[in-house]
Amino acid sequence: IKDPDGYKLAAKRAAALGCEGKWAIHPSQIVLANDVFTPPAGEIEKAHRILAALAEAAAQGKGAAALDGRLIDAASARMANNVVKMAEAIAAKT
């Protein structure tokens, strides 16, 4: 509880290993965890662009699309949805 830097370092290690969050045993740790696990604004914006591009492609009867010179498909949509939902959940709690 009295080592916020250690908690944040552990959270960063967990994020690097693919974890989507970290337990907090004290209210002061919530802000630290949210700082580490909240997707950056650029990543959230890109996720929205991916979802919009795929919605437009679906309206045209296509199952995939290109965005910024890269192929995006259902897997891209799933990852983008995860980013958007995580950002929304964290924003709703702060």
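Trainee: Which residues line the second largest pocket, and what makes them lining residues?
Mentor: In this predicted model, the residues that line the second largest pocket are Glu 20, Gly 21, Lys 22, Ala 24, Ile 30, Ala 33, Asn 34, Phe 37, Met 86 and Ile 90. They are called lining residues because each has an atom within 4 Å of a point of the pocket. The space itself has a volume of about 160 Å³.

Trainee: How do you know how many of these residues are nonpolar, polar and charged?
Mentor: The class follows from the residue type, so Ala, Ile, Phe and Met go to the nonpolar class, Glu and Lys to the charged class, and Gly to the polar class. For this lining, that gives 6 nonpolar, 2 polar and 2 charged residues.

Trainee: Which element gives the most to that lining?
Mentor: Helix 2 does, with 4 residues. Among the residues of helix 2 that are buried are Ala 33, Asn 34 and Phe 37, and they are called buried because their relative accessible area is under 20%. What covers the buried residues of helix 2 includes helix 1 (4-16) and helix 4.

Trainee: What is the volume of the largest pocket, and which residues are closest to its centre?
Mentor: The largest pocket holds about 460 Å³ of space, and of the 23 residues that line it, Glu 43, Ala 47, Met 79, Ala 80 and Val 83 are the closest to its centre. By class, its lining has 15 nonpolar, 4 polar and 4 charged residues, and the largest share, 6 residues, comes from helix 4.

Trainee: What makes a set of residues a nonpolar core, and which members of the largest one touch the most others?
Mentor: The members must be buried, of nonpolar type, and joined through side-chain atoms within 4.5 Å. The largest such core has 14 residues, of which Ala 47, Ile 50, Leu 54, Ala 65, Leu 67 and Ile 72 touch the most other members. Its largest share, 6 residues, comes from helix 3.

Trainee: Which residues does Leu 54 touch, leaving aside those up to four places away in sequence?
Mentor: Leu 54 touches Ala 64, Ala 65, Ile 72, Asp 73 and Ala 77. These count as contacts because heavy atoms lie within 4.5 Å. A second, separate core of 7 residues includes Ala 11, Leu 32, Ala 33 and Val 36.

Technical notes. Residues numbered from 1 in each chain as written. Predicted model: local features only at pLDDT ≥ 70, side-chain atom pairs only at ≥ 80, totals over all residues. Heavy atoms only, no water. 1 Å grid on protein atoms, 1.4 Å probe; cavity = no way out; pocket = protein on both sides within 12 Å on 5 of 7 lines; lining within 4 Å. Points joined across faces, edges and corners; volume = space filled by probe spheres on them. Helix = DSSP H or I, 4+ residues; strand = E, 2+ residues; numbered from the N terminus. Buried < 20%, exposed > 50% of the residue type's maximum accessible area, 1.4 Å probe, protein only.
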